[in-house]
Number of protein chains: 4
Amino acid sequence: MSWNSFGRVLRFTTWGESHGPAIGAVVDGCPPGLALSEDDIQPWLDRRRPGTSRFTTQRREPDRVRILSGVFEGRTTGTPISLLIDNVDQRSKDYTEVARAYRPGHADYAYDAKYGLRDHRGGGRSSARETASRVAAGAVARLVIPAVRVRAWVEAIGGDTVDHARFDDAEIDRNPFFCPDPVAAARWEGLVDAARKAGSSLGAVVACEATGVPAGWGAPLYAKLDAELAAACMGINAVKGVEIGDGFAAAALSGEANADPMRPGDAGAGDGPTFLANHAGGIAGGISTGQPICLRVAFKPTSSILTPVATVTPAGEATSIATRGRHDPCVGIRGVPVVEAMVALVLADQALLHRAQCGPPPLR
Amino acid sequence: MSWNSFGRVLRFTTWGESHGPAIGAVVDGCPPGLALSEDDIQPWLDRRRPGTSRFTTQRREPDRVRILSGVFEGRTTGTPISLLIDNVDQRSKDYTEVARAYRPGHADYAYDAKYGLRDHRGGGRSSARETASRVAAGAVARLVIPAVRVRAWVEAIGGDTVDHARFDDAEIDRNPFFCPDPVAAARWEGLVDAARKAGSSLGAVVACEATGVPAGWGAPLYAKLDAELAAACMGINAVKGVEIGDGFAAAALSGEANADPMRPGDAGAGDGPTFLANHAGGIAGGISTGQPICLRVAFKPTSSILTPVATVTPAGEATSIATRGRHDPCVGIRGVPVVEAMVALVLADQALLHRAQCGPPPLR
Amino acid sequence: MSWNSFGRVLRFTTWGESHGPAIGAVVDGCPPGLALSEDDIQPWLDRRRPGTSRFTTQRREPDRVRILSGVFEGRTTGTPISLLIDNVDQRSKDYTEVARAYRPGHADYAYDAKYGLRDHRGGGRSSARETASRVAAGAVARLVIPAVRVRAWVEAIGGDTVDHARFDDAEIDRNPFFCPDPVAAARWEGLVDAARKAGSSLGAVVACEATGVPAGWGAPLYAKLDAELAAACMGINAVKGVEIGDGFAAAALSGEANADPMRPGDAGAGDGPTFLANHAGGIAGGISTGQPICLRVAFKPTSSILTPVATVTPAGEATSIATRGRHDPCVGIRGVPVVEAMVALVLADQALLHRAQCGPPPLR
Amino acid sequence: MSWNSFGRVLRFTTWGESHGPAIGAVVDGCPPGLALSEDDIQPWLDRRRPGTSRFTTQRREPDRVRILSGVFEGRTTGTPISLLIDNVDQRSKDYTEVARAYRPGHADYAYDAKYGLRDHRGGGRSSARETASRVAAGAVARLVIPAVRVRAWVEAIGGDTVDHARFDDAEIDRNPFFCPDPVAAARWEGLVDAARKAGSSLGAVVACEATGVPAGWGAPLYAKLDAELAAACMGINAVKGVEIGDGFAAAALSGEANADPMRPGDAGAGDGPTFLANHAGGIAGGISTGQPICLRVAFKPTSSILTPVATVTPAGEATSIATRGRHDPCVGIRGVPVVEAMVALVLADQALLHRAQCGPPPLR
């Protein structure tokens with residue numbers, strides 16, 4: 001069933017199709033009194049914006065966000081914040097081919113099977129364009145938890161992985177791949193260029209780290225912080241895997257190798273402990289430990305490729321399809337700001353939930 | 001925040017600690033008229049039951065389930081189904097050590113940081129014992145979608161993986177590891193025995209396949225079927241990773257290699273298409289395609305090990321801890337029926353949701 | 001906490017303030033394939049539109065709705081439907097007085113106490129202007145349950161009640177009061193005119209009837225159909241009471257007087273029963289009986305009056321306030337289309353929920 | 001659809017039928033560290049317990065509550081609190097008549113229409129017995145907001161209303177009617193006795209006041225505090241009306257008559273204002289004002305009467321039915337502790353929600 005809201009007390013709802021007049025998000029439950037203007041949101045959208053390098057789709061969207069409600073005299077009022085982004089550069093004529101046959105690996109057939117009809121222009125609701133709404137909402141979430149820094153990067157493209165010995169945070173913003181390793185970034189230029197020229201596509205792994213999260217956010221079981229993050233990231237288009245901390249690698253370890261030993265914190269006994277490892281990715285028993293929250297997200301290669309693939313028409317007849325139009329050769333690259341946004345939204349929601357249940361007395 | 005309910009229209013809520021008098025689940029929203037008795041639930045609980053081989057915890061729990069409500073004359077009435085399982089074999093004296101210091105990698109420190117106190121007996125709420133409630137609820141979910149078969153197995157223990165060329169579904173129930181490969185099962189006997197004798201623990205990967213799911217279940221974005229399954233499985237104790245279909249392997253592929261081509265279905269044009277591959281794990285655009293739903297779940301090794309690990313006391317002083325008590329050397333093994341239960345619960349919920357939005361007339 | 005979504009599977013979220021650039025609603029979970037255009041929504045908005053007679057606020061708002069998403073080639077796609085209405089006739093200068101002191105009976109003080117700040121222009125989010133979003137969303141809900149007719153009217157203004165012996169459904173649309181009794185309508189002209197000229201305001205009772213609801217919608221307890229309707233209507237600005245069926249009058253009756261006897265339905269034994277009375281308002285045990293759903297809603301007189309009332313300033317100093325600006329002398333009148341919308345939204349949601357749990361096979 | 005959970009962050013789920021082995025509630029989201037034992041709950045259950053006077057049903061139920069989880073060493077742990085009450089005095093043989101034909105005004109026909117079957121023993125899930133679970137959950141909620149006092153009483157039985165000039169809070173606990181007016185209580189003895197002997201039943205109005213609620217709890221619109229309370233109380237069996245403050249009476253007033261003027265609080269400018277009236281029932285714009293929260297709830301007379309009423313059989317044939325068994329002549333009387341419980345649950349939930357969104361900095 002269509003379900004376009006996310007969050008428990010800090011909630012957001014997105015709407016909009018790739019080729020409609022606009023897309024947007026409504027953020028509800030935001031604390032009042034936070035300074036908020038379009039300028040707090042626009043920089044994050046600009047990071048995600050298409051057409052900024054030859055390694056992303058050539059669709060040109062200014063992605064200017066407007067705040068339509070929930071802010072008065074520069075401060076959030078505690079009422080819903082409506083964010084709207086106009087669609088500018090639609091070219092629906094590109095998509096007649098998509099109407100004719102199902103693109104394998106894309107949502108086309110599944111949408112028709114579910115709804116009996118679909119908006120085939122640019123993938124409609126299933127387009128990665130929707131993620132702009134998430135980035136806008138995520139910018140609001142960041143303001144709710146100003147002490148938390150959420151930082152993502154591309155960890156691998158098409159199986160080619162960065163070297164963590166060369167990890168340089170500043171480098172992430174210096175190349176078009178959000179790559180922390182300048183040597184890998186140079187390699188990826190060739191890799192992605194080749195895919196783009198061949199009309200092919202590449203998968204990617206995005207890693208994300210959130211620092212400044214105190215111990216105590218999350219829940220023991222059904223809304224384990226791991227589970228909230230997994231749902232948030234797996235809900236992004238093209239994502240097919242999520243790991244917290246060591247993830248699948250931990251499944252190959254022994255308990256001794258996976259332990260995160262503790263010693264007293266540097267500030268003394270009243271302080272939280274210092275951890276000597278972080279296999280758990282900053283979450284134990286579903287609850288944050290005060291260590292950095294670490295996760296990795298797998299983006300599949302998009303199915304929009306020029307090589308013809310066998311498929312069927314809506315009438316069920318055999319055919320093949322090659323996807324022209326304007327597409328990202330590696331959709332995972334622009335996934336970086338989207339993963340950051342979703343992680344920020346989960347953490348801000350959990351911060352408020354933790355305050356609800358475990359906030360300071362007196363209760364009022 | 002404590003959040004112990006799961007599901008959107010078919011919802012269940014669990015309660016209970018490892019060493020309290022009982023544990024249980026309340027299943028709400030179940031369709032009326034389904035034949036249901038304890039006999040429909042007990043076999044699944046028996047699969048998960050501890051103490052059945054030397055490879056699981058030696059705690060002896062009969063795990064007899066009682067249905068306290070929601071069934072009349074052998075049929076579900078549509079009202080909430082209360083399921084209760086008594087705790088029989090608690091030995092709280094085993095856990096004084098756990099009260100004295102935080103077990104690294106376990107929920108101990110995080111619970112105290114969040115709640116300011118914790119029930120340290122057997123891990124309290126964070127004990128894998130809670131998963132019995134999930135298995136009981138999952139047995140009800142299976143009845144909601146009788147055409148769907150949900151089947152899980154252990155894919156790897158401590159990095160030692162099954163050989164799919166020897167995959168034998170019947171073998172899964174013949175060994176104490178839910179292992180589909182008899183050769184791997186034989187190897188794991190030595191592997192797990194060694195870990196058990198050393199007071200160590202091992203991680204595992206559990207794979208799950210659901211067949212009989214029609215095309216059309218799920219949602220395009222925030223409740224993508226991938227995301228619902230990820231949240232469900234990542235909410236299980238000790239799980240740190242979830243993959244749908246090829247998961248992280250897809251991130252290393254090109255679009256051509258990852259394509260799931262289609263040809264007309266065998267029954268002709270009116271039938272759904274036949275897929276020539278299933279990299280997507282049976283889900284495209286968040287919606288089921290009619291192919292088998294495939295996922296993999298990473299269980300970390302439990303942190304309950306005999307080797308002393310550096311840690312701190314609640315007062316913040318340095319110490320070390322070795323966890324005695326009765327523990328699973330590989331908690332992933334008993335994760336198999338739990339993963340099945342959670343997948344069944346998600347699918348049954350999605351089946352009802354799909355009927356809500358897209359069901360047959362007269363509504364539309 | 002700010003909570004601007006309503007509904008369980010057919011959900012809508014509204015946003016916007018009286019004096020912001022626009023207001024709107026996002027409707028999620030709508031079944032696909034329904035014919036929908038602005039022309040299906042606009043007539044309902046026109047009924048609620050201000051400035052159409054001297055008995056409502058003189059604010060002039062065209063209230064043109066635009067559909068920004070969720071519709072393709074004239075049909076709903078099953079994805080979220082974004083509805084936007086521009087604010088045109090704001091006059092913020094009217095509201096400086098409201099910033100200076102709290103209007104007793106209005107949300108002013110409570111907002112400040114909760115949020116620490118408020119958008120005082122036209123009441124901000126607490127303005128009755130928000131109800132246009134509900135009416136727009138309700139128009140979509142009507143399409144989900146085309147066999148149901150939801151019809152409301154004003155039952156009383158300032159304590160002057162209609163005579164049901166003169167009830168004429170067609171009359172409701174013939175006078176500016178949605179009054180089914182032409183004689184009462186004539187009286188109200190004088191009544192409301194007098195209040196308007198005196199700068200006073202009047203309370204009202206709105207009655208609503210939904211016909212065509214089949215037996216079986218609703219839930220036994222916490223989401224009793226009575227409770228869903230009560231929450232929906234009590235969530236409208238200025239509403240302070242809701243009755244289902246005989247409501248408070250039933251509390252004065254004996255069981256014999258309150259009985260709704262049944263006899264076999266006219267179509268024979270296979271048909272539902274015929275009821276000989278409807279004290280229950282079409283709902284028994286929280287579930288619809290097939291009779292008309294009947295409810296009554298109490299609107300208080302707005303606190304926006306010209307007579308000075310004692311109050312305090314945000315700084316806590318004594319003062320008095322008289323509310324100028326443009327206001328409805330009887331906000332209950334324009335409550336009629338709003339109550340209809342909320343009832344339609346509840347019923348459509350319940351229709352989908354009923355289909356989810358109790359729908360036809362093959363699920364069961 | 002079956003929906004047996006209530007609340008947003010402090011949530012509870014109830015289960016159980018009148019004639020099953022037990023009933024119960026699971027309370028989730030409760031703050032940790034609260035002192036809680038059965039002794040905190042039992043007194044409230046004892047107030048609701050049947051068989052304590054001749055004016056309530058003669059079913060004898062000890063209603064002993066057991067806490068099965070969520071408490072450790074006398075304190076809440078923050079995990080779900082499972083509360084269980086055994087059913088002791090079932091006499092299913094009394095109910096064969098109920099299986100034979102639908103009791104008009106009862107849930108019988110509606111349940112069959114919805115679910116296709118029903119547990120006819122004692123009304124099954126629709127029995128007022130379920131309200132014991134609410135009272136138990138409500139006792140936990142009271143501990144969350146210790147500064148709030150929730151106090152209800154019977155305001156009228158069968159149309160005979162108390163005289164507020166004789167209102168005596170202490171009197172409420174001195175008579176079997178929860179009546180604050182000793183003169184009315186004396187009258188009601190005759191009134192209810194007559195109904196009981198005649199096998200009839202009477203409706204009632206229950207009033208409730210919550211003092212100690214600070215300004216700021218609630219939400220502006222869809223979860224207006226008025227709406228939350230209305231949903232909570234309308235979800236109780238047999239309730240057909242809810243009013244906040246003056247409710248329907250306010251609909252007959254002018255704005256001047258309905259105003260709640262303010263003057264500076266007694267403690268000076270930094271204090272909240274003093275209100276000179278409370279027509280609004282302590283809630284303005286959906287948010288508490290710091291005044292007492294006041295509401296009234298209408299209970300219909302139960303349909304379980306000895307006078308035969310025309311009805312139909314499940315096969316659709318004409319018949320009549322007289323309800324024997326053991327029933328409350330005035331179910332509203334025992335509604336008093338239930339209304340209190342639901343109001344406490346709403347207020348505790350809103351207290352936590354308010355802390356979530358508007359709690360003090362820093363956020364952690």
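This is a predicted model: local features need pLDDT of at least 70, side-chain atom pairs count only at pLDDT 80 or more; totals for chains, interfaces and linings use all residues.
Contact means heavy atoms within 4.5 Å. Residues are numbered from 1 along each chain as its sequence is written, chains are lettered from A and ligands numbered from 1 in the order in which they are written, and side-chain values use heavy atoms, with hydrogens and water left out.

The size of an interface is often given as the accessible area lost when the parts come together. Here that quantity is summed over both parts and computed with a 1.4 Å probe. Chain B and chain C bury about 1800 Å² between them, and 62% of this is on carbon and sulfur atoms. There are zero salt bridges between chain B and chain C, a salt bridge being a side-chain nitrogen of Lys or Arg within 4 Å of a carboxyl oxygen of Asp or Glu. Polar contacts join 11 residue pairs of these chains, both residues at pLDDT 80 or more. A polar contact is a pair of N or O atoms within 3.5 Å; within protein, one must be able to donate a hydrogen and the other to accept it, and residues adjacent in sequence count only if both atoms are side-chain atoms. Helices (H or I, at least four residues) and strands (E, at least two) are DSSP runs, numbered from the N terminus.

Chain B is superposed on chain C by a rotation of 180° with 0.0 Å of shift along its axis, at an RMSD of 0.0 Å. That is the relation of a two-fold axis. The superposition is by least squares on the C-alpha atoms of residues with pLDDT of at least 70 in both copies. The same surface serves both copies, since 100% of the contact residues of chain B recur in chain C. Of the residues of chain B, B:Ala356 comes closest to the rotation axis, its C-alpha at 2.2 Å.

B:Lys240 forms a salt bridge with A:Asp226, with the closest N and O atoms 2.7 Å apart. Polar contacts link 45 residue pairs of chain B and chain A, both residues at pLDDT 80 or more.

Some single residues remain. C:Thr311, in strand S17 (residues 309-312) of chain C, is buried, with a relative accessible area of 0%. Buried means under 20% relative accessible area, for protein chains only. Among the residues that C:Thr311 touches are C:Tyr102, C:Glu317 and D:Met262.

Most residues other than glycine have a negative phi. D:Phe178 has a positive phi of about 50°; D:Phe178 sits in the loop between strand S9 (160-161) and helix H5 (182-197) of chain D and is buried, with a relative accessible area of 10%. Phi of D:Ala238 is near 75°.

Definitions and conventions:
Buried area is the accessible area (1.4 Å probe) that two parts lose on being put together, summed over both. Buried means under 20% relative accessible area, exposed over 50%, partly exposed in between (1.4 Å probe, protein chains only). Lists of a residue's contacts leave out its neighbours within four places in sequence.
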